[in-house]
Amino acid sequence: ALEGIFQTTPQGHFSAANRTMLQLLGYDSLQDLQEGVTDIASQVYANLDDPERLLAQLEEQGEARGFVTQFLRRDGSRFWCEINVSFTQDNQGARIIEGLVQDISERMEHEAAVRAKEKAQVASRAKSMFLDNSGQGFLSFGVDMLVEPEYSRECVRLLGDNLVGRKVDELLLPNDEAARVR
């Protein structure tokens with residue numbers, strides 16, 4: 001993945017940025033970026049606490065590696081990024097912050113999807129456990145009246161195996177009544 005490279009003053013002004021950094025933030029040139037962003041903390045960071053946390057880590061350790069945050073683009077859209085920064089000095093000996101930024105939006109979206117899937121699986125297992133231990137026959141079905149994969153053990157005892165995809169009326173009504181419902 002491409003990395004944005006930048007230099008800023010401790011006061012929050014960009015002094016240098018490569019083409020990738022400009023593109024990530026939605027600017028065409030360094031001058032455009034410097035004119036458009038006069039306060040990095042409030043104009044680039046989506047979470048206003050993050051610049052303070054990053055600077056505190058930087059002051060304490062002299063560098064910050066793998067700092068994850070959301071940045072704002074010029075158009076207001078957000079993207080997840082990972083930042084690695086350290087203190088250095090410019091040509092005149094003044095202290096500046098130098099860093100790398102990598103867009104990790106796809107990774108964060110993937111991780112969120114995995115967490116959501118895991119959460120849904122835990123909820124499904126909890127529901128299945130509840131249904132199986134209730135001693136009642138519970139099953140779920142769609143608008144097409146076909147049994148879905150969630151049903152209690154009691155349903156298997158009462159209605160037999162292979163319930164998924166079967167019509168509810170065929171399971172619950174005697175054969176002649178099921179035929180009349182259709």
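1. The charged end of arginine 95 sits over the ring of phenylalanine 87, 3.7 Å from its centre (NZ of Lys or CZ of Arg within 6 Å of the ring centre and within 35 degrees of the ring normal).

2. The model is predicted: local features need pLDDT of at least 70, side-chain atom pairs count only at pLDDT 80 or more, and totals for chains, interfaces and linings use all residues. Residues are numbered from 1 along each chain as its sequence is written, and side-chain values use heavy atoms, with hydrogens and water left out.

3. The whole structure holds three aromatic pairs (ring centres of Phe, Tyr or Trp, the last by its six-membered ring, within 6.5 Å; planes under 30 degrees apart are stacked, over 60 edge-to-face, the rest tilted). Phenylalanine 6 and phenylalanine 14 are edge-to-face, because their centres are 6.3 Å apart and their planes stand at 80 degrees. Phenylalanine 71 and phenylalanine 79 are also edge-to-face, at 5.9 Å and 90 degrees. Tyr45, Phe71 and Phe79 form one aromatic cluster.

4. The largest nonpolar core has 24 residues, and Phe14, Leu25, Phe71 and Ile83 have the most contacts inside it (buried Ala, Val, Leu, Ile, Met, Phe, Trp, Tyr and Cys joined through side-chain atoms within 4.5 Å; buried means under 20% relative accessible area, exposed over 50%, partly exposed in between, with a 1.4 Å probe and protein chains only). Another core, of five residues, lies apart from it and includes Cys155 and Leu163.

5. Serine 105 is buried at 12% relative accessible area. A polar atom of its side chain lies 3.0 Å from the backbone nitrogen of tryptophan 80.

Note on methods: Polar contact = N/O pair within 3.5 Å; in protein donor to acceptor, adjacent residues only side chain to side chain.
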